[in-house]
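Open the model in your viewer and follow the selections below in order.

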Amino acid sequence: MTLAEIKDILDADVIVGEDMMGLEVDKGFAADLMSDVLAFAKEGSILLTGLTNPLVVRTAETLDLRAIIFVRGKRPSPDAVKMAQEKNIPLLGTKNILFE
């Protein structure tokens with residue numbers, strides 16, 4: 001499945017990485033605790049989270065995650081957006097809850 005397809009399913013908007021919507025994704029991980037993400041998420045996953053700070057982007061970079069989707073209508077901090085742009089990590093946002 002591509003990020004574009006996920007974007008459509010979640011009725012999400014692209015915050016960073018419009019040009020990366022063709023990336024293929026075959027797994028996801030949902031959590032608000034970055035310690036859980038570090039312990040259990042698999043490389044190449046997308047991360048769904050309600051956390052909006054730069055730590056989320058650092059975690060995604062560390063695990064080589066494909067993208068971050070912010071849930072519950074939350075928006076990433078300006079620092080997180082800047083970092084995601086620098087690291088080429090797509091960011092999306094949806095109004096859906098974490099486990100919807």
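Buried means under 20% relative accessible area, exposed over 50%, and partly exposed in between (1.4 Å probe, protein chains only). This is a predicted model, in which local features need pLDDT of at least 70 and side-chain atom pairs count only at pLDDT 80 or more, while totals for chains, interfaces and linings use all residues. Residues are numbered from 1 along each chain as its sequence is written, and side-chain values use heavy atoms, with hydrogens and water left out.

Select threonine 59 first. Threonine 59 sits in helix α3; helices (H or I, at least four residues) and strands (E, at least two) are DSSP runs, numbered from the N terminus. With a relative accessible area of 3%, threonine 59 is buried. Beyond four places in sequence, its contacts (heavy atoms within 4.5 Å) are Met34, Val37 and Leu38.

Go next to valine 37. Outside the four places on either side in sequence, valine 37 touches Phe29, Ala31, Leu47, Thr59, Leu63 and Leu65.

Finish at valine 14, in strand β1 (residues 13-16). Which residues does valine 14 contact, leaving aside neighbours within four places in sequence? They are Lys7, Met21, Leu91 and Leu92. Valine 14 and leucine 92 are 78 residues apart in sequence, yet their C-alpha atoms are 4.5 Å apart.
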